[in-house]
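Please examine the model displayed below before reading the explanation. The text is intended to be followed with the structure in view.

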Amino acid sequence: METTLPKISKIEASGMAIMPLISKQFYDFGDASKFTLKVLLGFFTFFTKKPIESKEFLKQCYLLGNKTLVLVLVTGFIMGVVLTLQSRPVLAEFGADSWLPSMVSLSFLREIGPVITALICAGRIGSGIGAEVSSMKVTEQIEAMEVSATNPFRFIVMSRVIACTIVVPLLVVFSDVAGLAGSFVGVNIYDDMSIPLFFIKSFESVGFMDVFPPIIKSVFFGLSIGIVGSYQGYNAGKGTESVGVAANAAFVISSLVVFFIDLIAVQIVTLIHLFA
Amino acid sequence: MAVADNKIIMADEINNKVIDVKGLVKSFGTAEILKGIDFHVNKKENLVIIGKSGSGKSVAIKCIVGLVIPDAGQIEVLGKSTVGVSHDALNESRKSIGFLFQSAALYDSMTVRENLEFPLRRMDKPLTQAEINSRIKETLENVGLSDAIDKYPSELSGGMKKRAGLARTLVMRPEIMLYDEPTTGLDSITSNEISRLMLDLKERYNTTSIIITHDMPCARITADRIIVLNEGKIIAEGCFDDLSTASDPFVKSFFVI
């Protein structure tokens, strides 16, 4: 008895090869969505349901803020100087150099401050959370918590995500201040402007809608960095190489998510401006 | 009379069963790890499970504690099922179980004291700080680790880590102890010390234990009864001396030095 296998076309063969990859992507997306939903629901019970992990939450706030603050301040200051020096010749060409502080402050408050800070946090905090949580997974620390009837999700994930959501907007404020300080230095390299005059010039065009939406936006930046970092760590593989993979994925994905959130936020703010 | 005696023994065994596993099946993908195993552990008994790597020993005890969900079978811990129950019910059962992981699984951002404090602070009936301190001190003394109370796991040796892991589980005063390869990665002297410590702690805390190992000196010191697992099935059961003279070549291979 000779058995013959049914012939399949190249298109069918490539379809059969691609389908598992596509279904894996759908599975991962579903899994990440479930994780995100669990985190969002966790916000409502974190401070109400016992045991309240306040000690771990405060520790995370301190660690995340402390290890990123200097980086954010230095980067913000340098960006302030560079932006001022780059913009000056263009504005001078149109005789509008007196608008320089105002332009820099608007750019910083609306966009540069939140996005640069979020990217630094994605690299520093997001990958840090990814590496730390995945290393806890590899060394069975998460399972040890589960066995001792402790909820590791609340202790590890929720404390870090909430800390991130609070710390990132605060870091954005620090970055904005450092950026304006840098801009003041940049302006004074070629001109001579006093601090009070620089302050008045910087904020004469700044309104509520230039400050409030970016802060709200940075809350979502923090939330997404925390969720992506924790998700990558919590779902890491068993081997030690998963630590590096989780840290890398946490940085890359959270940076992308930051840009997506920024894109959506710009659209929303534009719509508000249109209807206001 | 003999029949009556047997009945008494059987009734005693049923009443004494602390862990009862029936028809446990677990697969990962296409690999069937456990193929319907049955075993039980009596009160204050040390049951040692031996077998080759990948024979499903660790999976079996992870099923007992609910870390791995079995595909089929029943597990009862102190008369309560741990399969197909709610998370709260599972956590209730877990409160009477201590689990020593192969790597000790100490929380590396915490000192030894904080590692022991962690489960104590999450107890249903909160303890006072004085009670917590005295319980930590006593448990660390019992495992011979009083000097390392303020050290971080990274500052401990392999044997000390196992002792600290043991202390973290014992501090909750569990009725049942599950040891996942407690002597793996230790030199023979430290391995003997840990084995004797496990035996000593069993007497001190009246615990019932399952010990997963392929370290035969450890099995000899700790076992009241041994189960041999091969390719997801139990192929032999008995005390150390009985199994050491078994005719089955696979069982025999564990006892050959």
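This is a predicted model: local features need pLDDT of at least 70, side-chain atom pairs count only at pLDDT 80 or more; totals for chains, interfaces and linings use all residues.

The paragraphs below treat a helix pair, a group of strands and the contact between the chains.

The crossing of helix 3 of chain A past helix 7 of chain A is right-handed. The residues that form the contact of these two helices comprise 15 nonpolar, 11 polar and 5 charged.

Attention now turns to chain B, where strand 9 (residues 225-230) takes part in two pairings, described in turn. With strand 3 of chain B (residues 46-51), strand 9 of chain B pairs in the parallel sense over 5 bridges. Within this pairing, B:Gly51 has B:Leu229 of strand 9 as its bridge partner. With strand 10 of chain B (residues 233-238), strand 9 of chain B pairs in the antiparallel sense, again over 5 bridges. B:Val228 stands opposite B:Ala236, a residue of strand 10 of chain B. Strands 9 and 10 of chain B form a hairpin with 2 residues between the strands, and in this hairpin B:Glu231 adopts a positive phi near 45°.

Finally, the two chains meet in a contact that draws 13 residues from chain B and 11 residues from chain A. On the side of chain B that touches chain A, 8 residues are nonpolar, 2 polar and 3 charged.

Key
Residues are numbered from 1 along each chain as its sequence is written. Chains are lettered from A and ligands numbered from 1 in the order in which they are written. Two residues are in contact if their C-beta atoms, placed from the backbone, lie within 7 Å. Ala, Val, Leu, Ile, Met, Phe, Trp, Tyr, Cys and Pro count as nonpolar, Asp, Glu, Lys and Arg as charged, and the others, Gly among them, as polar. Two strands pair if DSSP finds at least two bridges between them. Helices (H or I, at least four residues) and strands (E, at least two) are DSSP runs, numbered from the N terminus. A crossing is left-handed if the near helix is turned anticlockwise from the far one by less than a right angle, and right-handed if clockwise.
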